[in-house]
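Welcome to this guided tour. Open the structure in your viewer, and we will go from selection to selection together.

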Amino acid sequence: MDDLRKFAFYFRPYKKSLVVGVLCILASVVIGVLEPVYVGRAVDALRSGPTWTKVTGFALIIIGVRVVSGAFLYLQRSLLIGMSRHVEYDLRQDFYAHLQKQPLTFFQEHRTGDLMARATNDLAAVRQLAGPMVMYTLQTVFIVLIILPLMLRISVRLTLLLLVTMPLVSLTVKYFGQQVHVRFEKIQEFFSSITARAQENISGVRVVRAYAQEDAEVAAFKTLNHEYMTRNLGLVRISAVMRPLIQFVIGLGMVLIVWYGGILAVRGEMTEGQFVEFTLFLMRLIWPLIALGYVVNLYQRGTASLKRMNAIFAVEPAIRDASTVREQPPVRGRIEFRHLTYAYGEHSPPVLRDVDLTIEAGQTVAFVGRTGSGKSTLMNLLPRVVEPPPGTVFVDGVDVREYPLAQLRSAIGYVPQETFLFSDTLAENVAFGVRRAERAEVEWAAEIAGLADDVREFPAGFDTLVGERGITLSGGQKQRTAIARAVMRQPRILILDDALSAVDTYTEEKILGRLRGVMRERTSLIVSHRISTVRDADLICVLDEGLIVERGTHEELLALGGEYADLYERQLLEEELAAS
Amino acid sequence: MSATVQQFHEEEALKKFDRGSAWRLVRYLRPYRRLIAPALLLTLFVNALGVVEPKFFQYALDWYIIPKSLSGLQWLALVFLGVKLLQMLVSYLQAVLFQSVGQHVMYDLRAELYDKLQRQEVAYFDRNPVGRVMTRLTSDVDALNELFTSGVIEGLGDVLMVFAIVGFMAWMDWRLTLVALVTVPLLFAATTWFRKHARRGYDLVRTKLARINSFLQEHISGAQTVHIFNREEKSLGQFHEANDDYRQANIETIFYYAVFFPLVDLIGSLGVALIVWYGGYRVMQNTPAREVLSIGALVAFIQYSQRLFQPIRDISDKYNVFQAALVASQRIFRTLDIPVAITTPAEPKKSGRARGRVEFRNVWFAYKGEDWVLKDVSFTAEPGETVALVGHTGSGKTTITNLLMRFYDVQRGQVLLDGVDVREWDLKALRENFAVVLQDVFLFSGTVEGNIRLGRADISEERIAWAAREVRADGFVERLPEGFKSEVRERGAGLSVGQKQLISFARALAFDPALLILDEATSSIDTETEQLIQQAIERVLRDRTSIVVAHRLSTVQRADQILVLHHGELRERGTHQQLLARRDLYWRLYKLQYADDSRRDALPDPTLGESLQYGD
């Protein structure tokens with residue numbers, strides 16, 4: 001109920017459509033009901049001295065009634081279903097905005113597929129709640145409310161007889177509709193296990209071939225396939241009941257009219273016209289009664305979906321501006337980590353331990369270390385992609401948590417380890433982080449990132465689409481695009497998290513050279529596995545299991561003869577090998 | 001780019017009606033003709049029952065109500081009830097029959113497809129991404145099912161019904177029939193108009209929704225990038241565009257629905273009005289001597305004209321489903337028709353257990369065109385020997401193992417097992433001679449036991465337990481909640497890399513093959529498991545020819561022969577000691593890849609002499 005109350009809020013902007021739409025339903029029902037009445041009168045007129053004008057008059061009325069009620073029907077659908085599309089839009093927009101506020105951890109807890117399902121299937125079910133359900137429910141209620149007195153006026157007993165049988169139509173739809181739905185879902189689940197099995201077989205094709213398991217696999221699939229067929233046959237037996245049963249219940253109503261209505265008409269308690277009228281009323285009731293059963297199921301699914309969506313809406317973003325946050329003076333770029341110890345969860349071991357480091361504005365500091373030594377986490381803490389504990393990470397002497405997120409992040413140009421490009425033009429991807437960009441600026445950034453030469457060879461230059469709908473960039477091109485994107489912002493702080501790994505050393509050299517020019521006076525943090533990338537840094541830190549184990553310049557660390565020196569030697573060997 | 005264009009053209013070509021695949025589809029129905037024949041008869045019957053219904057109203061009016069006679073009315077009602085009951089039963093039976101046929105045909109098609117996929121060579125799966133293959137097996141087969149569930153076959157019944165009704169009406173009063181049928185072309189026109197726009201609208205809505213979905217997917221995956229670059233507002237704006245487009249597309253489509261439904265009602269009323277008007281005129285011409293049209297017949301006429309509507313509206317719908325099903329079947333048939341390149345020769349020269357002599361004779365191989373992955377590679381492994389393959393990523397080590405099991409055929413030269421070209425071996429027998437342990441261990445969902453046994457029913461539980469014990473996998477397996485019966489989740493989630501490897505060693509040992517192919521994992525493993533794995537490797541290499549893509553120092557040291565591959569060429573060969581002494585490629589590789597092992601190696605290895613100290 002609480003879910004529905006929150007949902008009702010979404011109707012507020014469309015109150016007018018809702019009210020007018022409901023009035024249209026009423027109008028179309030009231031006017032539409034005149035058709036059977038006039039057909040009945042026409043039949044009676046034919047029995048008792050008909051005239052040409054009279055009959056023509058009835059024919060014209062029958063058409064006229066439909067024209068008017070049809071117009072209202074048109075308005076009703078346009079308004080109410082239209083409204084449901086607006087509500088759907090608002091809800092989806094809010095849902096996305098809400099997702100967007102969530103930090104990295106949220107997306108680690110909620111799988112993409114699950115979020116997508118809520119934004120698509122659940123939202124569609126909720127939309128049905130807002131549109132079709134409202135429309136059909138009211139339509140049914142109005143039709144019943146208006147036809148019932150008309151039927152009672154003709155014959156109370158026949159009406160009551162029909163009242164006993166006709167609701168069976170709704171019950172059939174509701175009961176079997178639900179049964180079929182539940183079973184269908186279960187079968188779908190089973191089907192996904194077949195799919196998973198087949199997918200596994202195809203992914204593991206080499207193992208299957210190597211162990212000559214084809215026949216066994218075929219046999220295993222056969223069992224599943226057979227089971228699937230058997231379950232489906234079971235479903236068929238149930239789902240095939242619905243239509244014939246509904247037809248029968250309607251037929252039962254017809255039989256009752258022929259029999260009891262016939263008796264009444266013979267006895268003169270009902271005219272021939274009213275006999276015909278009754279059958280037409282019954283036909284009028286069929287669709288609304290079917291819809292009623294359908295609506296009940298829509299309601300159940302819709303509210304379940306609404307609950308799932310609200311569960312997401314209820315998650316407060318874990319990283320956001322505290323209410324006390326105030327705009328800070330422009331960032332200059334002095335960074336401090338003060339005895340920073342960080343673990344991803346209360347029970348997980350720390351990934352960073354007592355990191356204490358000061359980086360002056362304008363300095364270039366490099367971080368090396370094995371995979372899992374905590375380098376990326378350290379980088380993520382600075383723009384608060386991952387939330388640092390209070391009093392551990394400072395920019396210009398102010399705790400990063402005291403900055404408005406927008407201000408902090410806009411001072412940073414971040415090139416993450418895994419490049420993420422959007423399926424858009426190259427220019428859009430480069431200018432991703434700035435409000436407005438001149439083409440010249442994009443070209444400038446691309447030039448620095450060593451991307452410009454590649455772009456010249458693309459079919460549409462900077463307007464070339466990348467990703468799904470466009471060309472596939474190589475790993476190195478992607479990385480350079482990401483660098484251009486960061487450079488484009490002209491940030492006070494530049495973070496390169498292993499951002500040149502797919503670029504060859506020669507190109508790397510050139511990019512680093514140009515970056516040095518741009519980043520003079522600005523702070524750079526560089527994470528890399530390659531000595532060539534880090535050797536010119538003002539300071540090199542070697543991380544191991546979350547600890548800074550060595551720090552110094554290239555020469556100092558070589559002289560130290562520790563991890564760094566070891567790494568250096570291995571890379572020399574590798575280069576030699578590549579050259580041979 | 002051109003590949004997509006080509007595929008697009010293929011899809012286009014498929015859309016054209018293809019009589020060949022329609023007939024081929026009929027062949028799949030043949031085994032079930034005993035179900036289909038009665039189903040068709042029932043369809044005729046149920047339609048006939050439907051056609052007589054309005055007659056009951058006519059008779060009620062003409063025989064009883066108007067003449068004011070009650071005798072016999074109850075019988076009329078009873079017969080009517082009987083007809084309705086029969087109609088229910090028959091239409092139920094008919095639906096069940098047709099849909100059962102559908103289920104069986106789908107079962108057959110899926111089985112046939114799967115069987116075909118099992119016989120396809122590995123290269124087929126290199127060319128066709130898993131997703132596409134799965135589509136054949138799932139959505140395409142499902143599209144065929146629509147043929148049966150949405151009643152395309154009953155659609156034939158619908159056409160019959162239309163003719164039957166019109167015939168019945170004409171028999172009752174052909175003049176009135178002509179007047180009543182005036183609405184049919186109107187209905188056709190309205191339906192065509194609606195179908196065209198609704199279809200276009202539907203396509204548009206689908207495209208817009210796909211855009212929303214891909215935007216969402218992308219921005220959920222790229223959420224971090226959006227944050228870091230303060231892109232929230234702009235992304236929300238972009239999302240608004242996609243979302244709004246979708247809304248607009250939907251609202252445009254509503255128009256057609258909002259017009260169509262009242263329009264059909266109006267056309268229906270026009271029919272009723274025409275029948276009342278002209279029928280009324282006919283009724284007025286009745287004389288006591290000659291009845292031109294009874295009132296009952298007039299009422300029945302009204303009902304008949306309404307009954308025409310549904311089938312006419314459905315026909316084009318069902319035709320569309322039919323076409324979609326045909327296209328899907330064409331895609332399925334195409335998959336079934338792709339020839340399998342790697343098969344057992346007609347008269348295999350050899351089958352049965354191999355002794356285990358492996359020979360590569362001047363082998364050249366490329367996965368594609370002239371990009372040689374192996375260049376003139378020759379070597380021999382005698383039965384029982386262990387050969388270690390060493391080299392950088394991409395040097396061709398894994399390719400050698402692939403060729404040995406005949407996942408691919410060589411372009412030049414020969415691969416021989418026991419002196420017989422692998423292409424002349426019985427394919428199944430050839431592969432049964434191998435066991436593989438791949439770097440990225442592939443576990444199937446099922447139990448631990450099932451993963452060791454795979455499909456070989458003849459491997460007993462004792463043998464599984466023995467194999468596990470031999471490779472020291474028993475320790476951790478017994479600690480699992482249900483031991484060997486524990487479920488392995490998808491792809492072995494929940495087990496460590498090392499544990500997965502131990503299971504695959506047990507699998508290899510349980511199969512007791514003549515040859516073993518081992519692709520050692522590079523990923524780091526905790527010391528304890530590492531020790532177990534080294535012992536396991538030693539155990540499985542014993543008594544059989546083994547080809548090892550080696551990453552461990554202990555493995556290369558133990559090898560009878562080390563082959564050093566560099567850019568597809570066999571550059572050095574010999575034992576560990578011999579190669580180290582050359583101080584060339586191997587020596588450098590060794591220092592890079594294995595030297596670390598020698599320093600950190602927790603296992604004191606007896607073969608590790610002074611000469612192998614770091615820095616040698």
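Start by selecting chain A, which has 21 helices and ten strands. Helices (H or I, at least four residues) and strands (E, at least two) are DSSP runs, numbered from the N terminus. Before going on, please note that this is a predicted model: local features need pLDDT of at least 70, side-chain atom pairs count only at pLDDT 80 or more, and totals for chains, interfaces and linings use all residues. Residues are numbered from 1 along each chain as its sequence is written, while chains are lettered from A and ligands numbered from 1 in the order in which they are written.

**The whole of chain A**

Of the 580 residues in chain A, 43% are buried. A residue is buried if 20 or more other C-beta atoms lie within 10 Å of its own, exposed if 12 or fewer, and partly exposed in between, with C-beta atoms placed from the backbone.

Next, colour chain A by domain: domain 1 (2–155 + 270–313), domain 2 (328–411 + 491–580) and domain 3 (421–488). These bounds come from an automatic or database domain assignment. The centres of domain 1 of chain A and domain 3 of chain A, taken over C-alpha atoms, are 50 Å apart.

**A covered strand**

Select strand 7 (residues 493–497) of chain A, where five of the five residues are buried. Which residues lie on each face of strand 7 of chain A? A:Ile493, A:Ile495 and A:Asp497 are on one side, with A:Leu494 and A:Leu496 on the other.

Strand 6 (residues 412–415) of chain A runs parallel to strand 7 of chain A, with four bridges, and A:Gly413 has A:Leu494 as its bridge partner. Strand 8 (residues 523–527) of chain A is also parallel to strand 7 of chain A, joined by five bridges; here A:Leu496 is partnered with A:Ile526.

**One residue up close**

Zoom to A:Asp399, in strand 5 (residues 398–399) of chain A. Why is A:Asp399 counted as partly exposed? Because it has 16 C-beta neighbours inside 10 Å. Leaving aside neighbours within four places in sequence, A:Asp399 is in contact with A:Pro390, A:Gly391 and A:Phe394; contact means that the C-beta atoms of two residues, placed from the backbone, lie within 7 Å.

**Where the chains meet**

Finally, show both chains: 112 residues of chain B and 106 residues of chain A take part in the contact. On the chain B side, helix 11 (residues 232–284) of chain B gives the largest share, 29 residues. That side of chain B has 68 nonpolar, 27 polar and 17 charged residues. Ala, Val, Leu, Ile, Met, Phe, Trp, Tyr, Cys and Pro count as nonpolar, Asp, Glu, Lys and Arg as charged, and the others, Gly among them, as polar.

Note on methods:
Pairing = 2+ DSSP bridges.
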